[in-house]
Amino acid sequence: MRTTNRGFFEPWEPVQSARHFTLAGQREEIERALQDARRDARYAFGVFLRQTDELIGRVALSNVSRGAWQNATLGYYIDEAHTRRGYATEAVTLTLQFAFVTAGLHRVQAAVLPRNVASRRVLEKAGFVREGRSTKYLQINGVWEDHEVFAVTAEDFQELEP
């Protein structure tokens, strides 16, 4: 999936090494994610189609902070062939349930490129609220880019749950 979507993801993420797009590189990424989960630092989840178990994306809670903040940063991507079908919104919503119920976090934030309308819509549908804009927030595809910052708290998410 990472190789197939390399061009599709490129405008939205940091520059990746050539190794990242190999089977060995992906195995290393999975092992790092497992180690980070054991350390309560990051939780990464595959997004799979129910019907076929095909991997179609990933969602992660990174930069987990404990103490007074109880916060994490959310990131996600979906295979281009499966976009605009609600999979990202469902995956983000399930990840928020994990964040607030299982991991006991209080707040989850996400940063989105202003031109990434589809990703912003996913966050809004999942209950995130825009908090503001951060200048030159992340280096995306080799360029320091401004991002819109969104967040949701455990209390806000609980009010959204049916």
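Is Arg133 buried, exposed or partly exposed? At 48% relative accessibility, Arg133 counts as partly exposed, because the exposed class begins only over 50%. Keep in mind that this is a predicted model.

**Strands 5 and 6**

Arg133 belongs to strand 5 and Asp146 to strand 6, so the pair ties together parts that are 13 residues apart in sequence. Asp146 is partly exposed, at 23% relative accessibility.

Now select residues 129–140, which are strand 5, and residues 143–153, which are strand 6; they pair in the antiparallel sense over eight bridges. Leu138 has Glu145 in strand 6 as its bridge partner. The hairpin has two residues between the strands, and Asn141 there takes a positive phi near 50 degrees.

Six of them form an open sheet of mixed pairing, in the order 1-2-3-4-6-5. Strand 1 and strand 5 are the edge strands, each pairing on one side only. On average, neighbouring strands of this sheet are turned by 30 degrees against each other, direction ignored.

Next, select strand 4, residues 107–112. Strand 4 runs antiparallel to strand 6 and is joined to it by six bridges. Ala110 stands opposite Phe150 in strand 6.

**Aromatic rings**

Display the Phe and Tyr side chains; the structure holds five aromatic pairs. One of them is Phe8 with Phe9, a tilted pair at 5.6 Å centre to centre and 45 degrees between the planes. Phe8 is partly exposed at 27% relative accessibility, whereas Phe9 is buried at 4%.

Move to Phe45 and Phe98, an edge-to-face pair with 5.1 Å centre to centre and 70 degrees between the planes. This pair links distant parts of the chain, 53 residues apart: Phe45 is in strand 1 (residues 43–48) and Phe98 in helix 3 (residues 87–102). Phe45 counts as partly exposed at 29% relative accessibility. Phe98, at 19%, is buried, since that class covers values under 20%.

Arg2 lies over the face of Tyr77, 4.7 Å from the ring centre. For another such contact, select Arg6, which lies over the face of Phe21 at 3.9 Å from the ring centre.

**Salt bridges**

Which residue forms a salt bridge with Arg66? Asp40 does, with the closest N and O atoms 2.7 Å apart. The two residues are 26 apart in the chain: Arg66 is in the loop between strand 2 and strand 3, and Asp40 in the loop between helix 2 (23–38) and strand 1. Arg66 is partly exposed at 30% relative accessibility, and Asp40 is partly exposed at 24%.

Next, select Glu90 and Arg50, whose side chains meet in a salt bridge at 2.5 Å, N to O. Glu90 in helix 3 and Arg50 in the loop between strand 1 and strand 2 are 40 residues apart. Glu90 is partly exposed, with a relative accessible area of 31%, while Arg50 is exposed at 66%.

Finish with Glu29, Arg32, Asp36, Arg39 and Arg42, which are linked in a network of salt bridges. The structure holds 15 salt bridges.

Key
Residues numbered from 1 in each chain as written. Predicted model: local features only at pLDDT ≥ 70, side-chain atom pairs only at ≥ 80, totals over all residues. Heavy atoms only, no water. Phe/Tyr/Trp six-rings, centres within 6.5 Å; stacked < 30°, edge-to-face > 60°. Buried < 20%, exposed > 50% of the residue type's maximum accessible area, 1.4 Å probe, protein only. Helix = DSSP H or I, 4+ residues; strand = E, 2+ residues; numbered from the N terminus. Lys NZ or Arg CZ within 6 Å of the ring centre and 35° of its normal. Pairing = 2+ DSSP bridges. Axes fitted to C-alpha atoms, helices over the stretch in contact; angles between N-to-C directions. Salt bridge = Lys/Arg side-chain N within 4 Å of Asp/Glu carboxyl O.
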